[in-house]
Amino acid sequence: MLEIIALIALGLFAGAIAASLGLGGGIIFVPALVVLFGFDQHIAQGTSLAVIFPTAIVATVAHARMGNVRWRLAIPIGIAGIFGAVLGAQIALRLDADLLRRMFGVFLTLLAVRMAWRAWRMNSQPETEPEPS
Amino acid sequence: MNAALIKAIALGAVAGTVAGLFGVGGGVIVVPGLVLWLFVSQREASGTSTATIVASSAAAMVAFGVGGNVDWQAAGFILIGSVVGAWGGAWIAERVNERPLAITFAVVLAVAGIRMMI
């Protein structure tokens, strides 16, 4: 029961962060499931994908209604993405969970650095406050 | 084949591989790829990226699911929370300064990333 509440809370938190920072859920689900819930790396990733898929369908419908989907690009990217995803998943499934977890850690840290860098520069434009340079 | 189509296919292949390898959507690759490489506006890049994630996440999910690597029940509970959370997040986004939120969150991700590396 406690785990069910914690999982719903994780969804709440990830959904809110994703909507307010424009960030995908997977970056939150996978580390949370591994670090906080003790999931095996592979199961954390598979579970993350099972949440992303329906979320993406709903989000696509909303974006498409507002005319924000360029289908002539989305279709070739999506089709190539299917082949890439199967390849990536096959690689992941053949890797040892510890190694995959470490690789994910590197990926996540790089993304965090990029995110911090962009956020840092975000308000250094003159209109808000002058930064000492 | 025109250049944009070749770029789109290359972008999809790379993003899909990352998505399948790490169990993420791939938007972290598709969005900057669309903006910087295919000159799509940020708003259209988000929408287009989301549409591509439907395809790549479905394929990767099936691949993981066949191997028994999906906890469907846990996914269901997270999904319930995230639907409500997305709603709340849009509300928060209008009222909170994005910069400190993004920096704080980046630090949390970095800590989690380092923790997973060791």
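Biologist: How many residues does helix α4 of chain B have, and how far does it reach from its first C-alpha to its last?

Modeller: In this predicted model, helix α4 of chain B (residues 72-95) has 24 residues and reaches 34 Å, close to the 34 Å expected at 1.5 Å a residue, where the expected span is 1.5 Å times one less than the number of residues. Helices here are DSSP runs (H or I, at least four residues), numbered from the N terminus.

Biologist: Which residues of α4(B) are buried?

Modeller: Among them are B:F77, B:I78, B:L79 and B:G85; buried means that 20 or more other C-beta atoms, placed from the backbone, lie within 10 Å of the residue's own.

Biologist: And what covers them?

Modeller: The cover of the buried residues of α4(B) includes α1, α2 and α3 of chain A.

Biologist: OK, the two chains then: how many residues of chain A are in contact with chain B?

Modeller: There are 85 residues of chain A in contact with 82 residues of chain B, counting two residues as in contact if their C-beta atoms, placed from the backbone, lie within 7 Å.

Biologist: Which element of chain A gives the most to that side?

Modeller: That is α4(A), which gives 20 residues to the side of chain A that touches chain B.

Biologist: How is the numbering done?

Modeller: Residues are numbered from 1 along each chain as its sequence is written, and chains are lettered from A in the order in which they are written. Local features need pLDDT of at least 70, side-chain atom pairs count only at pLDDT 80 or more, and totals for chains, interfaces and linings use all residues.

Biologist: What about α5(A), what do its buried residues pack against?

Modeller: The buried residues of α5(A) pack against α2, α3 and α4 of chain A together with α1 and α5 of chain B.

Definitions and conventions:
Helix = DSSP H or I, 4+ residues; strand = E, 2+ residues; numbered from the N terminus. Buried ≥ 20, exposed ≤ 12 C-beta atoms within 10 Å, placed from the backbone.
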